[in-house]
Amino acid sequence: METKKLFFILIAIMFALCSPAGVFASDTLMMATTTSTDNTGLLDYLAPHFEKDTGIKLKWTATGTGKALKLGETCDVDVLLVHAPPAEKKYIEKGFGKARREVMYNDFVIIGPKNDPAAVKGQSIQDALKTIKDKQSAFISRGDDSGTNKKEKLLWKNAGMQLPDKEEWYVQTGQGMLSTINVAQERGGYTMTDRGTYIKYQSQKGGDAPLIVLVDGDAVLLNQYSVLTLSDKNCAKAQHELAIKFSDWMAGENAQNLIKDFRLLGKRLFIPNAK
Amino acid sequence: MDDIVAGIVKAFELLFSGDESTWTAVLATVKVSTCSMLLSIGAGLPCGFLLGYYEFRGKQHLRTVLDTMLALPTVFIGLVVFAFISNQGPLGDFKLLFSLTGIAIGQTILAFPIVTAITATTIEAVDPLFKLTLVSLGAGKRNIIATCLWEVRYGILAGAVTAYGRVLTEVGISMMVGGNIKWHTRTVTTAIALETGKGEFANGIALGIILITLAFAVNLSLSLLRRQ
Amino acid sequence: MTAVYQLKNIRHFYNDRKVLNIDDLTIEKGSITGLVGPNGSGKSTLLKLLIFAERPSLGEIYFRGKIELPFSKAIRSKVTLLTQKPYLLKRTVYDNIAYGLNIRKDKNDVIRRIKTALSKVGLDFERFAPRKWHELSGGEAQRVAMAARLVLEPDVLLLDEPVASVDMESAKLIRNATLKACEEWGTTLVIASHDLQWLFSISDTQIFIFNGKIFPTGVENIITGPFETHNGNQFIKKLSDGQFLVLPEGGKGKTAALIKKKNISIDQDKKQLNNGFNQCEGTITSMFFEKKKERISANIGLNDLSFTLNFSPDQISRLDLQPGKKIILTFKIDHMEWM
């Protein structure tokens, strides 16, 4: 008899837990973004300010730019914060996106082991990639069609080479930026990363990281982040008004200052550049 | 090694300092796994009973399909559920993507075959004398079914514990369908994936320890129930 | 006397195998019927039909004059069966016995009735009621199962080898409780048992079952194979001491033959006979008194075969029969039937 009672109590508790958990406030903006904005902690830093200024709650799912764009295409999110300008422009042409607003940038760098086995330090990005290929040094790629990955593929093309897709020294992790950096560290190889994530990585290693920046400063390495609003034709139900508010806010003075002040190890991770 | 020690220390810190984001993830995990267990038991128990109790044509084929479903990978379930509940999917109007309900649906699909298969096996293993005895005591069809389920309660409990273990620890569905949204659909497992992605291994290990603690608490309470 | 059961033209199959073949069988109200036959002969199957756990493949079973089917109201909790091995629900002894009452929603004085039922099988309520199903010995479990049937005060109590696998003490208690039910409530009893002595001492009628067929005249004598062909169409059964029995034609592919006890005669010495007879020597192995019929049953061993014959007390003293004594059995070959 006792056992039976306990069973029913258990089931009652389970039902109680299962009841719908508070419907989300209507003023909630759903955003798809890239791992770099999330992993560096930028969004955790910005979201409370955004809510305070506009009363809108920001929710985001962090994935590669490829999937983020796809989520916009299927209208599963309201707004995008991504960094792959050519893909973004094509996206608007195809009628999925409405407006694109550049809000900040950082830059991509090639990092590698301190001893620099392929000796690429100080080379131009084109020369560095060629050298890595000639010396068959390990190169770790995201391989996930993210913004960073798209950029990297473009750079191989610019350097006049086919993507070394099946080469043994070319490793595609299919994971996020920090995981990929960690793979590069374990394998003693090179990789391309955005500077923000690299600084985050450095801070985790207490400022003395096994991988260091070897190639940077090239104009082609600029990493532009943009807010992308969705086409109201394609996504009639998306919350366009809130998305525009977010876009305006990100480009506004307050957010731009906040981005400027966001630092790790005293270093700035993103540089605001809204026009 | 440093990460492991730091992880253990961190786990206690997170739990006992009442770290809000940790507790939200724990609550989301408990909520969503409880909900999916309830649904999968609700559906799996009758199905398992029918499969175990009655003889019918094609039963063996059905068992084979069910046994295959036991091996469904979570990312695949996640992908299929995603395709269904995405705005452009057939169930897009229900707004289930990036919600705990969406994760619960996926996890129900994960747990349902386990509950069903174990229930069916347990029912099949009931002594053939059972039915004869109940008929002898004047039981009707409904009495027999109800008593039969009560007789095999420990077997079903074992099935539920197995299914709960799977549901509690899966990451594919939660990540794919839930989107790992902070304060909303971030579960302990997706949080571990995130911390790993961020390179915060100690945090990841801490969350792993919390997850194991959770599983232990569930199993302990069930085993206490059993000893009653 | 009125009939509790009437079975008409019953044919019962498991897959394609015919396991029961009963043209007509009547069981009277308040009677005690013994069910005798070797293992696998169909005793348990017949009991399953009588408890309406299974529906016969063909034919009808009348219960108190009406055709009844499994789960019909008229039979539920009026007819009950005790199996050789008890199945107890995974609950306490108390809940096991209360189960049948709960189903009937019978809430009247439950504790006292359970107490009475337990005492009938010699179990103390205080000690046993709270025990779990796994805290009982085999004999105790069988007695609890019996109490769970007795508490229902059944109209019909079917027993399938009730004491075959329990200790002597439990067997005695179960037997006494069985008879008491019959006396107290007029319960109709059908008992399948290998314990012929007990069965013969209490039953009004014995039904012999072999290969699914019933012989209402009681235990009959079975001659089992292997057989060898003899003189073309006949068959013989060789006994290990060199004697042999001749069997009639038509035994191709058969595994057993039957000779009814009324067709067997007994003598002290061998006689000169013609070819149509079997004559063989056997030893009386046991004898017991059938109280209700005032006659004596004797088991006679013929090497590996065993025959059962009935005698009046007069015959016993005239022939000076006693266990260990050698006697001559004579029967006509044509009286033997192939099974």
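The structure is a predicted model, in which local features need pLDDT of at least 70, side-chain atom pairs count only at pLDDT 80 or more, and totals for chains, interfaces and linings use all residues.

Chain A holds eleven helices and twelve strands, where helices (H or I, at least four residues) and strands (E, at least two) are DSSP runs numbered from the N terminus. Of its 275 residues, 52% are buried, a term for under 20% relative accessible area with a 1.4 Å probe, counting protein chains only.

In chain C, all eight residues of strand 18 (residues 295–302) are buried, so this strand is largely enclosed by the rest of the structure. Arg295(C), Ser297(C), Asn299(C) and Gly301(C) point one way from the strand, whereas Ile296(C), Ala298(C), Ile300(C) and Leu302(C) point the other way. In a regular strand, side chains alternate between the two faces of the sheet.

| Partner of strand 18 in chain C | Sense and bridges |
|---|---|
| Strand 17 (residues 277–290) | antiparallel, seven bridges |
| Strand 19 (residues 305–311) | antiparallel, seven bridges |

The hairpin of strands 17 and 18 of chain C has four residues between the strands, and Glu294(C) in its turn has a positive phi of about 55 degrees. The hairpin of strands 18 and 19 of chain C has two residues between the strands, with Asn303(C) in the turn at a positive phi of about 50 degrees.

Terms used. Residues are numbered from 1 along each chain as its sequence is written. Chains are lettered from A and ligands numbered from 1 in the order in which they are written. Side-chain values use heavy atoms; hydrogens and water are left out. Buried means under 20% relative accessible area, exposed over 50%, partly exposed in between (1.4 Å probe, protein chains only). Two strands pair if DSSP finds at least two bridges between them.
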